[in-house]
Amino acid sequence: MIKLVATDIDDTLLSKELTITEKNLKAIEFLKKNNIILILASGRPYPSVKKVAYELENFYPMITYQGALVYDPKTDQKLYGCEISPDSAKELVRLAKDVDIHIHIYIDNIWYVEAMNEKTEYYKNLTKLEPHIVENLLEVIERPVTKVLFFDEHERLKALKESLPEDFTKKFNIMFSKPFFLEFTDINVSKGNALKFLIEYYGLKREEVMAIGDGDNDISMIEYAGIGVAVENAVEELKEAADFVVAKSDDSGFAQAIEKVFNVHF
């Protein structure tokens with residue numbers, strides 16, 4: 001029996017317009033009434049995921065920054081963490097500067113950028129967070145960095161990813177969360193590892209867990225869970241890894257997954 005459901009947020013639980021359908025809301029209410037743990041698992045920063053959680057009145061621990069940090073939103077306590085060393089983070093910043101790619105970094109839940117532009121505005125609207133604008137990102141990196149995000153056209157980022165030095169692939173977990181977001185975390189970071197931590201935290205078994213997602217960054221979580229589900233708008237690799245595929249996020253795919261696994265109808 002499934003006792004925990006982990007779901008990605010953007011383009012999985014939420015629609016492309018960043019809204020949640022009535023059917024998905026009913027599915028969440030069903031989980032609450034039946035004491036099923038709902039874990040939000042996102043590449044977003046913790047403050048942004050917490051906003052979503054409070055809107056849904058879902059206060060279970062949450063997976064943030066691609067799995068780099070797990071937080072309890074009721075207490076703001078960090079339950080689990082795995083971050084990039086300052087020296088390694090500076091390497092990424094220098095690389096982005098060398099190839100003229102827009103970059104975001106996150107330190108202690110603060111989002112740092114060097115400029116307010118269209119890309120910064122887009123991310124601000126997505127996350128509902130305010131950026132901290134600094135003159136030089138290299139000068140603010142004195143503590144471990146949670147995540148580094150490169151923001152550019154997919155083809156540019158894809159070419160860059162393919163040309164990275166081999167030592168980068170040994171130090172960083174490198175993945176696309178959206179076609180235009182190439183994200184770098186510590187090599188040991190993944191939503192799957194964070195989900196494994198939470199399964200142990202709750203004393204559950206893998207077969208008691210279901211995970212739902214759409215992106216490359218969700219594959220580890222889908223593969224680790226007892227039941228892995230892909231929404232129709234997911235990348236092909238995730239669909240192949242999933243046990244089954246449901247409707248698009250815009251068409252309440254999350255709710256359809258709950259209906260199928262729990263044999264209910266909303």
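Because the model is predicted, local features need pLDDT of at least 70 and side-chain atom pairs count only at pLDDT 80 or more, while totals for chains, interfaces and linings use all residues; side-chain values use heavy atoms, leaving out hydrogens and water.

**Stop 1: the nonpolar cores**

Select Val5, Leu31, Leu195, Phe254 and Ile258. In the largest nonpolar core, which has 70 residues, these five touch the most other members. A nonpolar core here is a set of buried Ala, Val, Leu, Ile, Met, Phe, Trp, Tyr and Cys residues joined through side-chain atoms within 4.5 Å. Buried means under 20% relative accessible area, exposed means over 50%, and partly exposed is in between (1.4 Å probe, protein chains only). In soluble globular proteins, nonpolar side chains tend to be buried together.

Now pick Ile258 alone. Leaving aside neighbours within four places in sequence, which residues is Ile258 in contact with? They are Val5, Ala27, Phe30, Leu31, Met210, Asn263, Val264 and Phe266, where contact means heavy atoms within 4.5 Å. Apart from this core lies another, of 26 residues, including Val93, Ile141, Leu160 and Phe172.

**Stop 2: helix H5**

Next, select residues 118-127, which form helix H5. Helices (H or I, at least four residues) and strands (E, at least two) are DSSP runs, numbered from the N terminus. Colour Thr120, Tyr123, Leu126 and Thr127, which are buried. They sit on the same side of H5, because they cover an arc of only 125° around the axis; that arc is of the directions from the helix axis to the C-beta atoms.

At the start of H5, a side-chain oxygen of Asn117 comes to within 3.1 Å of the backbone nitrogen of Lys119. After H5 comes Lys128, with a positive phi near 60°.

**Stop 3: the cavity**

How many cavities of 30 Å³ or more does a search of the whole structure find? The search finds 1. On a 1 Å grid over the protein atoms alone, a cavity is a set of points where a 1.4 Å probe fits but cannot get out, and lining residues have an atom within 4 Å of a point. The largest cavity has a volume of about 160 Å³, counted as the space filled by probe spheres set on the points, with grid points joined across faces, edges and corners.

Of its 17 lining residues, Asp10, Gly43, Ser177, Lys178 and Asn217 lie nearest the centre. Helix H1 (9-13), H5, strand S10 (172-178) and strand S11 (181-186) each give two or more residues to the lining.

**Stop 4: two residues from the lining**

Zoom in on Asp10, in helix H1. Is Asp10 buried or exposed? Asp10 is buried, with a relative accessible area of 10%. The side chain of Asp10 makes a polar contact with the side chain of Arg44 (2.6 Å). A polar contact is a pair of N or O atoms within 3.5 Å; within protein, one must be able to donate a hydrogen and the other to accept it, and residues adjacent in sequence count only if both atoms are side-chain atoms.

Finish at Asn217, in the loop between strand S12 (209-213) and helix H9 (219-224). Asn217 counts as buried, at 5% relative accessibility. Not counting residues up to four places away in sequence, Asn217 touches Gln66, Met175, Phe176, Ser177 and Lys191. With Gln66, there is a polar contact between the two side chains (2.8 Å).

Definitions and conventions:
Residues are numbered from 1 along each chain as its sequence is written. On a 1 Å grid over the protein atoms alone, a cavity is a set of points where a 1.4 Å probe fits but cannot get out, and a pocket is an open set with protein on both sides within 12 Å along at least five of seven lines; lining residues have an atom within 4 Å of a point.
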